[in-house]
Amino acid sequence: MQGKKKPSRQCIGCRESKEKKELIRIVRTPEGEFCIDRTGRQNGRGAYLCDNSECLAKARKTNALNRSFRISVPDTIYDELERQLNG
């Protein structure tokens with residue numbers, strides 16, 4: 001008997017599909033605010049990023065969050081992600 005299928009999402013940095021729980025979710029809430037959602041359950045449009053600094057650097061260089069949300073994402077989100085990944 002097969003187990004339950006685990007949801008997978010694509011990283012916006014490296015473009016690889018991974019299990020949802022292995023990725024960090026960045027959310028644009030219905031109010032238009034951006035935040036980091038470690039639980040993966042917050043309301044709003046989400047984009048997923050691997051939990052490493054290389055993918056963050058790729059996403060920052062290619063403006064991947066801007067394309068995912070179709071709006072300009074403030075640099076403070078990238079800074080907050082970098083701080084969480086490095087410390």
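Helices (H or I, at least four residues) and strands (E, at least two) are DSSP runs, numbered from the N terminus. This is a predicted model, in which local features need pLDDT of at least 70, side-chain atom pairs count only at pLDDT 80 or more, and totals for chains, interfaces and linings use all residues. Residues are numbered from 1 along each chain as its sequence is written, and side-chain values use heavy atoms, with hydrogens and water left out.

**View 1. Ile24 sits in strand E3**. Ile24 is buried, at a relative accessible area of 2%; buried means under 20%, exposed over 50% and partly exposed in between, with a 1.4 Å probe and protein chains only. Ile24 touches Ile36, Arg38, Ala47, Tyr48, Leu49, Cys50, Asp51, Leu81 and Leu85, leaving aside residues up to four places away in sequence. Such a contact means heavy atoms within 4.5 Å. Thr39 lies 15 residues from Ile24 in sequence, and the C-alpha to C-alpha distance is 8.7 Å.

**View 2. The largest nonpolar core has 20 residues**. A nonpolar core is a set of buried Ala, Val, Leu, Ile, Met, Phe, Trp, Tyr and Cys residues joined through side-chain atoms within 4.5 Å. Ile12, Ile26, Leu49, Leu65, Phe69, Ile77 and Leu81 have the most contacts inside this core. Two or more residues each come from strand E3 (23–28), strand E5 (45–50), helix H1 (53–61), helix H2 (64–69) and helix H3 (75–86). E5 gives the most, with four residues. Leu49 touches, among others, Cys11, Ile12, Ile26, Cys55, Ala59 and Leu81, not counting residues up to four places away in sequence. In soluble globular proteins, nonpolar side chains tend to be buried together.

**View 3. Phe34 and Phe69 form an edge-to-face aromatic pair**. Their centres are 5.3 Å apart, with 65° between the planes. Rings of Phe, Tyr and Trp (its six-membered ring) pair if their centres lie within 6.5 Å; planes under 30 degrees apart count as stacked, over 60 as edge-to-face and the rest as tilted. The count by this rule is one aromatic pair. The pair links distant parts of the chain, 35 residues apart: Phe34 is in strand E4 (residues 34–37) and Phe69 in helix H2. Both Phe34 and Phe69 are buried.

**View 4. Seven charged residues belong to the lining of the largest pocket**. The rest of the lining is three nonpolar and two polar residues. Lining residues include Lys20, Lys21, Glu22, Arg25, Asp37, Arg38 and Asp51. Ile24, Thr39 and Tyr48 are also among them. E3 gives the most to this lining, with three residues. Ala, Val, Leu, Ile, Met, Phe, Trp, Tyr, Cys and Pro count as nonpolar, Asp, Glu, Lys and Arg as charged, and the others, Gly among them, as polar. A pocket is an open set of points on a 1 Å grid over the protein atoms alone, where a 1.4 Å probe fits, with protein on both sides within 12 Å along at least five of seven lines; lining residues have an atom within 4 Å of a point.

**View 5. Asn63 has a positive phi of about 55°, although it is not a glycine**. Asn63 is in the loop between H1 and H2. At 40% relative accessibility, Asn63 is partly exposed.
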